[in-house]
Amino acid sequence: MKTCYLIEDDIDDHDIFRMSLEGIDKTIKCDVAGNGDDAVQRLNAEAGYTPDYIFIDVNMPKMNGIECLKQLKKLSRLNGTQIIMFSTSEEPRVIRQCKQLGANDFVVKPASLDSLSLILSKIIKS
């Protein structure tokens, strides 16, 4: 079973993401963290937890997505995990920085559930 870890502070986005993912593949388990700090703590504490995909929102409280990405890249067991930044920001400087820090991709949050499903489908099925 594949696992997806969404690191996102907006609860509504949790629901939308899960619905979209479920429409693509009901067997993928989707876990969520409300901020980067909680996600990093979990991934450091649970050595056996290695998601297949991690989606990180850029703008979050406590620890922003860029800082979270830096911390996750220190965990060698995540080397095979696709880490995708997931944000409303389209700022080229932010996108470039995330990719330089090791993000596999940068996805701008789409406005519709259908668009999100299409994006997730491409990522999951690649």
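Ser89 sits in the loop between strand 4 (82-87) and helix 4 (92-100). The model is predicted. Is Ser89 buried or exposed? Its relative accessible area is 16%. Buried means under 20%, so Ser89 counts as buried. Leaving out residues up to four places away in sequence, Ser89 touches Val94, Phe106 and Val108.

Now to helix 2. This helix covers residues 36-45, and its buried residues are Gly36, Ala39, Val40 and Leu43. Why do they lie on the same side of helix 2? They span an arc of only 95 degrees around the axis, which puts them on one and the same side. An α-helix has 3.6 residues a turn, so residues three or four places apart point the same way.

What covers these buried residues? The cover includes strand 1 (3-7), strand 2 (29-33), strand 3 (53-56) and helix 3 (65-72).

Helix 3 also packs against helix 2, at an angle of about 10 degrees and with the axes 9 Å apart. The two helices are therefore roughly parallel to each other. Helix 2 brings Gly36, Val40 and Leu43 to the contact, and helix 3 brings Cys68, Gln71 and Leu72. Of the residues in this contact, four are nonpolar, two are polar and none is charged.

How values were computed
Residues are numbered from 1 along each chain as its sequence is written. This is a predicted model: local features need pLDDT of at least 70, side-chain atom pairs count only at pLDDT 80 or more; totals for chains, interfaces and linings use all residues. Side-chain values use heavy atoms; hydrogens and water are left out. Buried means under 20% relative accessible area, exposed over 50%, partly exposed in between (1.4 Å probe, protein chains only). Helices (H or I, at least four residues) and strands (E, at least two) are DSSP runs, numbered from the N terminus. The arc is that of the directions from the helix axis to the C-beta atoms. Contact means heavy atoms within 4.5 Å. Axes are lines fitted to C-alpha atoms, for helices over the stretch in contact, and angles run from 0 to 180 degrees between N-to-C directions. Angles under 35 degrees count as roughly parallel, over 145 as roughly antiparallel, 65 to 115 as roughly perpendicular and the rest as oblique. Ala, Val, Leu, Ile, Met, Phe, Trp, Tyr, Cys and Pro count as nonpolar, Asp, Glu, Lys and Arg as charged, and the others, Gly among them, as polar.
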